[in-house]
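I opened a notebook page for this one.

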Amino acid sequence: MKISLFGYGKTTKAFAHRFGNCDIYDDHFASISKDEFNNTLLPPCEFDPLKSDLEIPSPGFPNDHLLIQQARNLSSEYDFFYDGMPKSVWISGTNGKTTTTQMTHHLLKHINAQMGANIGTPLAQMDISAKLWILESSSFSLFYTKVAKPEIYALLPITPDHLSWHKSFENYERAKLSVLERMNENDVVILPKKYEAYPTHAYVISYEDEQDLAKKMQIDLEKIHFKTPFLLDALIALSIEKIILDRCSYELLNEFKIEKNKLEEIFDHKNRLWVNDTKATNLDASLAALKRYKDKKIHLIIGGDDKGVDLSALFVFMKELDIELYAIGKSTNKILDYAKNVNLKAHFCEFLPKAVEKINQNLTNDEVALLSPACASLDQFKSYEERGDLFKKCIQELS
């Protein structure tokens, strides 16, 4: 079988390493060459659909790319591995899916559960002998998946994100919900109440908010140490544990440590509070951060690649706060326009170090400096982690 891989990313590299003898097409390849595993690296113009038996794209590979249009046997990595996949839990939504996946794994790793997909380990490197796969599932992977389905699907709230890729919020939403159509009466789905009537044969547990889900799952909120925005993540993880093992391990859950780059609080040499929330790459994530610190004056660093999303609702919310904005990234001018429309004070910074330095001149001990960009980082950084690392480095170097 001749396998063609589209995009030379983490997922396709792992696939090619495992199986070898793949043809890998990427816009960055100007000529034909070989990688260390004897896979052939080719520019897209070399693709011949008549000589390819299977095409698997990297999850984020553009869905309007010519290669996708030419493909005759397109499949996702989920569909490819589905027949040999252990029982699985898929976790998706706009915000919180990484933390929910990590919390769920924390509660279930003792039964030989393994986590992967959009977090950490590509499916090609996962252990098929594991008892359970816990997969953080992106809208990109779900868009390309047409056959595979989980035994449990946990869906966090869906808010606008990745609209430049999906072309509309409706398409983005549909990708997240499409899984339900393939689930059967032995499966369980946990999802926001607004989607409870979406066609599915699975058993549906819908929720309006944290209190509603806790009541339906008979989970004691008083025993959970996590607060908003991590409370819903914790509740869904406990709900999954209860469905599988019929118990809630509160003490074990409370031992879980939130990863870096999410509302990570840092105090500088003057004991002033800076918060690294670089992973807040969309409107809803930044809203959650702002609500957490709404009782303080906020110096907000915002901007980057807005992914085609209208951020005006975020600025309407900020009108009610004591806040100053520091605009960075390729959306700098757009951020300034948003701010002007609602009469918010905003500074042209463009680059993160300049924003930190401007805040340093004004920040007091009863205020908070918050990096919660509401935008992706790839306009200026290799990843949101690199953006967060630079933020922390700048704080350490303050005079």
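My entries follow, one topic at a time.

**Entry 1: the model**

I am working from a predicted model. I keep that in mind for each value below.

**Entry 2: cavities**

I searched the whole structure for cavities of 30 Å³ or more and got one. I noted a volume of about 50 Å³ for the largest cavity. Which residues line the largest cavity? I listed Pro-57, Pro-59, Ser-76, Glu-77, Tyr-78, Ser-141 and Tyr-144. Two elements give two or more residues to this lining: α3 (77-81) and α5 (139-144). By class, I get four nonpolar residues, two polar and one charged.

**Entry 3: buried charges without a salt bridge**

I looked up Arg-387 and found it in helix α15 (residues 384-396). Arg-387 is buried, yet I find no salt bridge for it. Asp-379 has the nearest side chain of opposite charge, 5.5 Å away. A salt bridge needs a nitrogen-oxygen pair within 4 Å. What lies 3.1 Å from a polar atom of the Arg-387 side chain? I found the backbone oxygen of Cys-375 there.

Next I took Glu-55, which sits in strand β5 (residues 54-57). Glu-55 is also buried and also lacks a salt bridge. For Glu-55, the nearest side chain of opposite charge belongs to Arg-72, at 8.0 Å.

**Entry 4: salt bridges**

Side chains of opposite charge can pair when their charged atoms come close. How many salt bridges does the whole structure hold? My search returned 19. I wrote up some of them.

I started with Asp-212 and Lys-216, whose side chains meet at 3.5 Å, N to O. Both are in helix α8 (residues 210-217), and because they are four residues apart there, about one helical turn separates them. Asp-212 counts as buried because its relative accessibility is 18%, under the 20% limit. Lys-216 is partly exposed, with a relative accessible area of 42%.

Then I checked Asp-306 and Lys-334, a salt bridge at 2.8 Å, N to O. Is Asp-306 buried or exposed? I read a relative accessible area of 10%, so Asp-306 is buried. Lys-334 is partly exposed at 41%.

My next pair was Lys-345 and Glu-324, in a salt bridge at 3.9 Å, N to O. Here too, distant parts of the chain are linked, 21 residues apart. I placed Lys-345 in the loop between α13 and β16 (346-350), and Glu-324 in strand β15 (residues 323-328). Glu-324 has 9% relative accessibility, so it counts as buried.

I also noted a network: salt bridges with shared partners join Lys-149, Glu-151 and Asp-187.

**Entry 5: an exposed residue**

Last, I looked up Ala-30, in the loop between β2 (23-25) and β3 (33-34). With a relative accessible area of 76%, Ala-30 is exposed. I also took its separation from Val-309: 279 residues in sequence and 32 Å in space, C-alpha to C-alpha.

Definitions and conventions. Residues numbered from 1 in each chain as written. Predicted model: local features only at pLDDT ≥ 70, side-chain atom pairs only at ≥ 80, totals over all residues. Heavy atoms only, no water. 1 Å grid on protein atoms, 1.4 Å probe; cavity = no way out; pocket = protein on both sides within 12 Å on 5 of 7 lines; lining within 4 Å. Points joined across faces, edges and corners; volume = space filled by probe spheres on them. Nonpolar A, V, L, I, M, F, W, Y, C, P; charged D, E, K, R; others polar. Buried < 20%, exposed > 50% of the residue type's maximum accessible area, 1.4 Å probe, protein only. Lys, Arg positive; Asp, Glu negative; His and termini not counted. Polar contact = N/O pair within 3.5 Å; in protein donor to acceptor, adjacent residues only side chain to side chain.
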